[in-house]
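Q: I am new to this structure and would like to learn how to read it. Could you take me through it one feature at a time?

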Amino acid sequence: MATGKDRQRQLAREHYERQMQRRREREQKAKRTAIIGSTVGVVVVVGGIVAAVALLGGNDPGTEAAASPSASAGQTAQASESTGPKPYDAATGTCDYVKDTSGKVKDVGMPPTKVKTEPATKKMTISTNLGDIVVELNNAKAPCTTNSLEFLAKKKYYNGSKCHRLGNDQFPMLQCGDPTAKADGKSQDGSGGPGYRMAEENLEGAQYKRGVMAMAKTSAPGTTGSQFFLVYGDIGLTPDYTPVGTITKGLDILDKVNKAGVINDSGDGTGAPKQTVEIKDVTIAGKS
């Protein structure tokens, strides 16, 4: 028959086990937000992973982005509603892009601030060494992000860059958009950016399911830059990363890259993809 002390020990043990379970759950949740950041020094985005990158966020894919989609020098600027970039102003049809010279910058200038939300969608074609990945951009709901991508595409900002972070079955995304990334499994990729940042868009009800293209960021708001992540599964991220479009062609390419795996597992199942994905050219056309 159990004594009072036995009962106390049992209750204490159960209490301890509950505490450890809650701790594990918190750690797993934090790790999910550590891959889609946009750089390498601040923990921010995805998939059972504690890593410093750019996210799923931007992105680690993937920020919680990516990626994030976590941040490093490139996009660690702490933005706030008062000092950070302002969201799209529908009354004036303008976007706010804020200079950000931290990290590795490929400076091609600043996007025009005046934008149009028509056409509602635009067609983005990412030409890679493995074929074309086509994305229908949501210009109506993410006009500033679409405008930035179009500006960078025209400046050939992405040409010659390599997608530097591949997730896994738990964090199914490919992160791209760092023009300085080597994607060799040795370098600390994810800190490259365009020299400016913007506010996140289209976050209400955002989900990161197979076929979504979203922007990587750091854990701070208003740190979206050039990095993005392409989702080939379903990721349970919080709605903090701009879902800018839907992949209409090329998911088979992502599946192929995923199957090949990573060069060096960084300990969380993610890393530079074994199958090189090099962006040859990016074009964006009016209506998709």
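**Reading the features**

A: Asp89 is partly exposed, with a relative accessible area of 33%; here buried means under 20% relative accessible area, exposed over 50%, and partly exposed in between, computed with a 1.4 Å probe on protein chains only. Asp89 is found in the loop between H1 and E1, where helices (H or I, at least four residues) and strands (E, at least two) are DSSP runs numbered from the N terminus. This is a predicted model, in which local features need pLDDT of at least 70 and side-chain atom pairs count only at pLDDT 80 or more, while totals for chains, interfaces and linings use all residues. Residues are numbered from 1 along each chain as its sequence is written, and side-chain values use heavy atoms, with hydrogens and water left out.

Q: Which residue does Cys95 join, and is the disulfide left-handed or right-handed?

A: Cys95 is joined to Cys144, with 2.0 Å from S to S, and the torsion about their S-S bond is about -95°, so the disulfide is left-handed. Cys95 lies in the loop between helix H1 (4-32) and strand E1 (98-99) and Cys144 in helix H2 (residues 143-154), so the pair ties together parts that are 49 residues apart in sequence. Cys95 counts as buried at 8% relative accessibility, and Cys144 counts as buried at 4%.

Q: What does the link of Cys163 and Cys176 look like?

A: The sulfur atoms of Cys163 and Cys176 are 2.1 Å apart and form a disulfide, which is right-handed, with 95° about the S-S bond. Cys163 is in the loop between H2 and strand E5 (165-166), whereas Cys176 is in strand E6 (residues 173-176), 13 residues apart. Both Cys163 and Cys176 are buried.

Q: Which residues of E6 are buried on each side?

A: In a regular strand the side chains alternate between the two faces of the sheet. In E6 both faces are covered, with Met173 and Gln175 buried on one side and Leu174 and Cys176 buried on the other.

Q: Which strands pair with E6?

A: Two strands pair if DSSP finds at least two bridges between them. E5 and E6 run antiparallel and are joined by two bridges, Leu166 having Leu174 as its bridge partner in E6, and the two strands form a hairpin with six residues between them. E6 also pairs with strand E10 (residues 228-231), in the antiparallel sense and over four bridges, and there Gln175 stands opposite Phe229.

Q: Where in helix H3 are the buried residues, and what do they pack against?

A: An α-helix has 3.6 residues a turn, so residues three or four places apart point the same way. In helix H3 (residues 251-260), Leu251, Ile253, Leu254, Val257 and Asn258 are buried. They cover an arc of only 155° around the axis, which puts them on the same side of H3; the arc is that of the directions from the helix axis to the C-beta atoms. On the other side of H3, Asp252 and Lys259 are exposed. The buried residues of H3 pack against strand E4 (131-138), E5, E6, E10 and strand E11 (243-249).

Note on methods
A disulfide is a pair of cysteine sulfur atoms within 2.5 Å. Contact means heavy atoms within 4.5 Å.
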